[in-house]
Amino acid sequence: MKKTISILISALLAFTLASPAFASAAGENSLYLAVASDLHFNIPREQIEGSIDDEIYYYANRRAAMEDESGFIIDDFLRQCAENDLVDYVLISGDLADNGKSTPDEHYAVAEKLAKFEQETGKSVYVCNGNHDSGNNCETENETFREIYNDFGYGEALETMDGNLSYTVNLGEKYRLIVADSCNPNKSTEDGLDSSRVSWIVEQAGKAYKDGKYPLLMMHHNLLDHMPVQRVLSHNFIVQNHVSTADRLANAGIKVVLTGHEHGSDVISHTTLSGKTITDFSTSSLTMYPLSYRLMSFEDEKISYSSETIDSIDLEALTEACGGYSEEQLSLMSEGLNDYAKGFFKAGIKYRLWLSLTPEKLGVDEDSIIGPVVYTAVDRLLDILDAPLYGEGGVSELSAEYGIDLPETEYSDGWDLATELVAYHYAGNEPFALDSPEVTLLLYVADLIILDALSSVNDEVFLSAANKVASSFDTGEICKNFTKTVARNAGPVTAGEYLIVAIASPLLYGLAYDRDGLDDNNGEIDGYAVNNASANLAAKFGSFFSDVLLYFKLFLSYVIKALVG
């Protein structure tokens, strides 16, 4: 008997620790959600195939998404939601099908999975459209999308907006979900959240409060920057006029917006000058590393959230649907699908970066006047990224020739480092400060690439004839020898380079280290019944001054390095 009680207590403790967002129930007016995004369902191929130079992940794709496995990942997500008695509703913020615009059958397959889930569990699923799902002059136009997913929001909508796929539904007794169509039906990825749609959202928020409901917003595109200057770096992933839009929505009383599209797990808040705060929960793609979704608990005083992952799928069903998997691949999936997905992700990101670094992708013809320069520089860059970081003939040996001492790390090559940093961004909670070995290594390798690639261009393009003459006197490459000599004696980093890093350091810091005060995967924010306008404003200005001080600290530290050498 004591053993049985001990096992029950241990199981209860394990569940509590594993699901912090759901540790406390708070009565009938609480709301519990499972939130997923960017399912990107693909009908699996009959057999996997690919051409990437990787022993295991040769079939990875440039999007780094597990396309053939996607349906089985969705199945396990729905299984977890079915088995979690606390989950009331499942919300999906767009891109349900990868080729949804051109292949309606993918949508029908997803809708069939969702319908089965609802029938077996009695839980409701609500969806919104993403940029992959529908559009004008496509096989799947907006009206077709609405018909396919009629049972997942549209059929029970309280209100809809003419001309797009926006709608509202109630979630329990105390909350109302506003689903906003943020897509441009005529463009590939750009948002379409114009002023009329924003006004409709504000109007619906007002109606929700009038009806005694708290309004939640769900849309595909991000509302806020989830990386430094996202508007510049990836403008198609964030809504237009995002600061003023965030002000309007927050002032309308919307505290939470659920988004996707960017495929990264990130939580960021914005506070208006009146002290109203809105928090954008961007959820990563379910079928791409880290294969995660959110659990969210809404109570009057607090909103808690946690991140859950998919770590296993029905491998027997997978191999019946899609052939070609090796015993090693299946064994690795069986040991832990999330680790397998990370390897797949890194191989796919490497492939994407490699494709983007070809002169053809850069729009440069080999026979053009700048062709030899670009081709030589790109070839040298790829040589350095492909080479092992350490050991004989590695990057560390080449770096030493330029006076650069690489920090010791566990990374195998430049690709390994670069893709690992990207993986951390997608998983959330980026842990790398500017003085971390990873960022230091990245900056040093970048400096090496600049020095070595530029000297290679000079030697092979501009000084090729002179080098041929010099080689007869065993002097080697003129520009490289000169660059290495200067670097060893004057230092591998010039004052100008330090100044550039000083100016860019806050941006680099923001990309490497998440310091906005909100945990991306497990945390808590104020609930809808809490009105802390003065505290919110104090936090807003405190954060602003903290960022200013950090900027000057980083800037001055690198300026001093530039001055003292």
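Trainee: How much of the chain counts as buried?

Mentor: Of its 565 residues, 51% count as buried.

Trainee: What secondary structure does the chain hold, and what share of its contacts with a separation of 6 or more joins residues 24 or more positions apart?

Mentor: The chain has 18 helices and 13 strands. Of the contacts with a separation of 6 or more, 72% link residues 24 or more positions apart.

Trainee: How confident is the predictor in the chain, and where does the pLDDT fall below 50?

Mentor: The average pLDDT is 85, and 80% of the residues reach at least 70. Over residues 1-27, however, the pLDDT is below 50, although this stretch has 24 contacts in the model beyond near neighbours in sequence. Where pLDDT is low, predicted coordinates should not be read in detail.

Trainee: Why is Asp-38 called buried?

Mentor: Its relative accessibility is 0%, and the cut-off for buried is under 20%; Asp-38 therefore counts as buried. The residue is found in the loop between β1 (31-36) and α2 (70-83).

Trainee: Which residues are in contact with Asp-38, leaving aside neighbours within four places in sequence?

Mentor: Among them are Gly-94, Asp-95, His-220, Gly-260, His-261 and His-263. Thr-283, Ser-285, Leu-286 and Thr-287 are also in contact with Asp-38. In sequence, Gly-260 is 222 residues from Asp-38, yet their C-alpha atoms are 6.5 Å apart in space.

Trainee: Is Lys-255 buried or exposed, and how do you know?

Mentor: Lys-255 has a relative accessibility of 17%. Lys-255 is found in the loop between α7 (242-251) and β8 (256-259). Not counting residues up to four places away in sequence, Lys-255 touches Pro-215, Thr-277, Ile-278, Thr-279, Asp-526, Gly-527, Tyr-528 and Val-530. His-270 is 15 residues from Lys-255 in sequence and 9.7 Å away in space, C-alpha to C-alpha.

Trainee: What puts the buried residues of α7 on the same side of the helix?

Mentor: The residues concerned are His-242, Thr-245, Ala-246, Leu-249 and Ala-250. Around the axis they cover an arc of only 130°, so they lie on the same side of α7. After α7 comes Gly-253, with a positive phi near 95°.

Trainee: How do you know that the buried residues of α9 line one face of the helix?

Mentor: Helix α9 (residues 327-335) has Gln-329, Leu-330 and Met-333 as its buried residues. Viewed down the axis, they fall within an arc of 95°, and so they line one face of α9. The face turned away from that buried side carries the exposed residues Glu-327, Ser-334 and Glu-335. The cover over the buried residues of α9 includes α8 (315-321) and α10 (337-356).

Trainee: How many cavities of 30 Å³ or more are there, and which residues line the largest cavity?

Mentor: The count comes to one, and the largest cavity holds about 40 Å³ of space. Its lining consists of Asn-129, Gly-130, Ser-134, Asn-142, Asp-181, Cys-183, Asn-184 and Pro-185.

Trainee: What makes up this lining in terms of nonpolar, polar and charged residues?

Mentor: Two are nonpolar, five polar and one charged. Cys and Pro count as nonpolar, Asp as charged, and Gly is among the polar ones.

Methods
Residues numbered from 1 in each chain as written. Predicted model: local features only at pLDDT ≥ 70, side-chain atom pairs only at ≥ 80, totals over all residues. Heavy atoms only, no water. pLDDT = per-residue confidence, 0-100. Contact = heavy atoms within 4.5 Å. 1 Å grid on protein atoms, 1.4 Å probe; cavity = no way out; pocket = protein on both sides within 12 Å on 5 of 7 lines; lining within 4 Å. Points joined across faces, edges and corners; volume = space filled by probe spheres on them. Buried < 20%, exposed > 50% of the residue type's maximum accessible area, 1.4 Å probe, protein only. Helix = DSSP H or I, 4+ residues; strand = E, 2+ residues; numbered from the N terminus. Arc of directions from axis to C-beta.
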